Amino acid sequence: MDLDLHIHSTASDGMVRPAAVVEAAAEARLDVIALTDHDTVAGVPEALEVGRTLQVEVVPALEVSTTLGDLELHILGYFVDPTDSALLAHTGEAAGRRRDRLRGMVRKLEAEGVQIEFDRVVAAGAGGGALGRPHLARAMVEAGYVGSVPEAFDRYIGNDHPAYIPTRLIDPEGAIRLIRGAGGIAVWAHPPMRHLDTYLPVLAEAGMAGLEVYRPRNPVGRVRQLEEEAGRRGLVRAGGSDWHGPDGGPLGEFRVEASDVAELLKMGGM
């Protein structure tokens, strides 16, 4: 059984609609996928419906962006109830904060001589509810100020660059409570190795159940270290491509074997 447990759609900052994500997964012969849009489950019902038709198991999930001081950490929530009232309230609040942040970044870009209308940023999001910096970067590309999304980050909107404004969202412990309250399993997404020793005990104590171990560019040594940490602390392992669209290669190019994430699947009732 082949899986990809980290995929984004146009419900956040991905480039493909949730239905088309499932269609691409079926074409790639993926058996199980998780739709993990940033701070929203808006795409989950559509993905579940198409998944039933195409016989692709869709795990209802999301990726919660959190801040801890000046550090941004992401917590994946697997097997959540997409109708949970607290979860839906969070997604609405997060969407508002993201929009306010991007409006501020648009104003800072003006001081750099980059004139971007906010409506252009919204259009780049294809109507998604969780706008992010990639949408602003795409709008800058379309307006001709930069030649690519990476250039927009490298010159203007990346961390510590002229138009950057830090995110101020829920803290990691709050995210874990939110996910658990919605019946989900909290997993630390792409954990920064330099912060692992400092924050892993704190997050585990708060109820985090797992680590994202398997990713396309994780060196073998890093994978082994994360596997050992998960085993030592009794945490489940997860993995996925963090796919945002075909620009990064076809869906299914990276996949995880069921045996690697068996404990997570068992916790989720699969």
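In the predicted model, Met193, Leu196, Asp197, Leu200 and Pro201 of helix α8 are in contact (heavy atoms within 4.5 Å) with Arg222, Gln225, Leu226, Glu229 and Arg233 of helix α9. Of the residues in this contact, five are nonpolar, one is polar and four are charged. Here Ala, Val, Leu, Ile, Met, Phe, Trp, Tyr, Cys and Pro count as nonpolar, Asp, Glu, Lys and Arg as charged, and the others, Gly among them, as polar. Helices are DSSP runs (H or I, at least four residues), numbered from the N terminus. Residues are numbered from 1 along each chain as its sequence is written. Because the model is predicted, local features need pLDDT of at least 70 and side-chain atom pairs count only at pLDDT 80 or more, while totals for chains, interfaces and linings use all residues; side-chain values use heavy atoms, without hydrogens and water.

The axes of α8 (residues 193-205) and α9 (residues 220-233) lie 12 Å apart, at an angle of about 5 degrees. The two helices are therefore roughly parallel (angles under 35 degrees).

The whole structure contains 11 salt bridges, each defined as a side-chain nitrogen of Lys or Arg within 4 Å of a carboxyl oxygen of Asp or Glu. Arg232 lies three residues from Glu229, and Arg233 four residues from Glu229. Glu229 is buried (under 20% relative accessible area), at 10%, whereas Arg232 is exposed (over 50%), at 57%. Arg233, at 33%, is partly exposed (in between; 1.4 Å probe, protein chains only).

Conventions
Axes fitted to C-alpha atoms, helices over the stretch in contact; angles between N-to-C directions. Parallel < 35°, antiparallel > 145°, perpendicular 65-115°, else oblique.
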